[in-house]
Amino acid sequence: MIRYAGYVIMILIGVSCSSDKDTYVPIENAKLDFVVPENFPEPSYDITLNPPTEKGFELGKKLFYDGRLSSDGVISCGFCHLQDFAFTHHTHIVSHGVDGALGTRNAQPLHNLAFMKEFTWDGAAAHLDLQPIIPITAEVEMNETVGGVLKKLEERPEYVKLFAEAFEDQQINAENMFRALSQFMILMISANSKYDKIERNEGSVFTETEAAGFELFKSKCASCHTGTLFTDQSYRNNGLSVDPEYNDIGRKRVTGLSEDIYKFKVPTLRNIELTFPYMHDGRYKTLNDVLDHYANGMVESETLDPIFRNATTTDIGIPLTEGEKEQIISFLKTLTDDDYINDNRFSEF
């Protein structure tokens with residue numbers, strides 16, 4: 001992480017110069033409520049250091065959907081994160097970048113980011129404010145520089161006005177740009193699925209199949225996909241074969257430690273019904289494919305997580321019958337939050 005921290009500091013120093021164009025008279029910029037759902041943990045993001053405001057949220061939303069953040073003027077954050085599919089790049093195995101460039105990883109869903117400690121499949125970003133630097137500067141994603149983005153924003157009168165309204169110093173700079181994006185993203189809370197309503201005793205009930213699936217989930221899946229976030233936010237090798245096309249070394253790319261090779265962050269399962277394809281490289285099309293992998297498709301390796309090893313045999317994986325797979329999938333579909341998927345606050349138009 002030291003390597004990444006140094007990289008980020010250099011970027012921010014290099015683009016710390018700010019716009020000194022027209023000065024705007026400050027206007028009222030009301031704070032927006034950040035409400036922690038009753039069944040959620042406390043956020044990891046320190047809201048007091050960057051409280052969301054009406055104008056900050058508006059600016060962050062505009063930036064999220066603006067192709068100017070990329071070198072070709074086309075690829076925006078929203079290009080790979082579509083709301084209809086819980087802000088994933090629907091059906092795309094790996095992310096698509098400028099000029100049709102292909103990345104090596106599947107775009108992750110965006111929700112409940114204020115409650116996450118680290119970001120990306122390998123945890124390369126230790127803070128939400130810094131996460132956008134990675135896609136903006138990646139050659140196979142947005143292929144731009146932070147300084148290049150700021151220069152383009154300074155040339156747009158609407159952005160000069162929006163930054164002035166959103167921040168007291170009225171400046172277009174890297175800190176304010178990333179803070180605005182975070183103000184948009186920290187309000188992207190998905191907490192109103194059928195599961196949530198049952199957890200909060202709001203009148204919903206599981207069907208018999210869903211209830212059976214929930215019990216199976218707790219005994220076979222919840223060690224990693226734990227709590228109301230459905231992730232323990234750890235990094236694990238879950239027995240995937242190595243794709244020779246990518247040879248993605250996972251967490252080791254960040255830490256440099258051999259014990260982290262082929263480990264990836266345990267993803268949240270919220271809205272999992274909508275976020276296919278699955279795994280860090282999008283290799284599985286369906287939830288049934290995923291459960292088939294855990295039941296009989298895992299491969300042995302030195303860093304395979306011990307949780308997948310049988311204590312009394314040499315077998316690896318999670319024993320599952322076809323009926324049990326169907327029940328677990330039935331439960332997983334109760335994690336779909338239609339209110340979030342259709343929330344106009346986060347829509348481009």
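Is Asp-292 buried, partly exposed or exposed in this predicted model? With a relative accessible area of 24%, Asp-292 is partly exposed, where buried stands for under 20% relative accessible area, exposed for over 50%, and partly exposed for values in between (1.4 Å probe, protein chains only). Because the model is predicted, local features need pLDDT of at least 70 and side-chain atom pairs count only at pLDDT 80 or more, whereas totals for chains, interfaces and linings use all residues. Residues are numbered from 1 along each chain as its sequence is written, and side-chain values use heavy atoms, with hydrogens and water left out.

Asp-292 takes part in a salt bridge with Lys-325, at 2.5 Å from N to O; a salt bridge is a side-chain nitrogen of Lys or Arg within 4 Å of a carboxyl oxygen of Asp or Glu. Lys-325 lies in helix 12 (residues 322-332) and Asp-292 in helix 11 (residues 287-296), so the pair ties together parts that are 33 residues apart in sequence. Helices (H or I, at least four residues) and strands (E, at least two) are DSSP runs, numbered from the N terminus. Lys-325 is buried, its relative accessible area being 1%. Lys-325 also forms a salt bridge with Glu-322, where the closest N and O atoms are 2.9 Å apart. Both Glu-322 and Lys-325 belong to helix 12, with a separation of three residues, about one turn of the helix. An α-helix has 3.6 residues a turn, so residues three or four places apart point the same way.

The search of the whole structure gives 22 salt bridges. One of them pairs Glu-300 with Arg-309, with 2.7 Å between the closest N and O atoms. Glu-300 is partly exposed at 47% relative accessibility, and Arg-309 is partly exposed at 36%.

On a 1 Å grid over the protein atoms alone, a pocket is an open set of points with protein on both sides within 12 Å along at least five of seven lines, a cavity is a set of points where a 1.4 Å probe fits but cannot get out, and lining residues have an atom within 4 Å of a point. The second largest pocket holds about 270 Å³ of space; grid points are joined across faces, edges and corners, and a volume is the space filled by probe spheres set on the points. Helix 6 (157-166) and helix 7 (174-186) each supply at least two residues of this lining, and helix 6 gives the most, with three. The lining comprises six nonpolar, five polar and four charged residues, with Ala, Val, Leu, Ile, Met, Phe, Trp, Tyr, Cys and Pro counted as nonpolar, Asp, Glu, Lys and Arg as charged, and the others, Gly among them, as polar.

Helix 7 is mostly covered, eleven of its 13 residues being buried; among them are Ala-174, Met-177, Phe-178, Leu-181 and Phe-184. The end C-alpha atoms of helix 7 are 18 Å apart, in agreement with the 18 Å that its 13 residues should span at 1.5 Å a residue, the expected span being 1.5 Å times one less than the number of residues.

One cavity of 30 Å³ or more was found. The largest cavity has a volume of about 110 Å³ and is lined by 14 residues, of which Ser-241, Val-242, Asp-248, Phe-264 and His-280 lie nearest its centre. By class, this lining has five nonpolar, five polar and four charged residues.

Leu-269 sits in the loop between strand 2 (264-265) and helix 11. Leu-269 is buried, with a relative accessible area of 10%. In sequence, Leu-269 and Thr-336 are 67 residues apart, while their C-alpha atoms are 9.3 Å apart in space.

The count of disulfides is zero, a disulfide being a pair of cysteine sulfur atoms within 2.5 Å. For Cys-80, the closest cysteine sulfur is that of Cys-77, at 9.1 Å, too far for a bond. Cys-224 is likewise in no disulfide, the nearest cysteine sulfur, that of Cys-221, being 8.9 Å away. Cys-80 is buried at 9% relative accessibility, and Cys-224 is buried at 8%.
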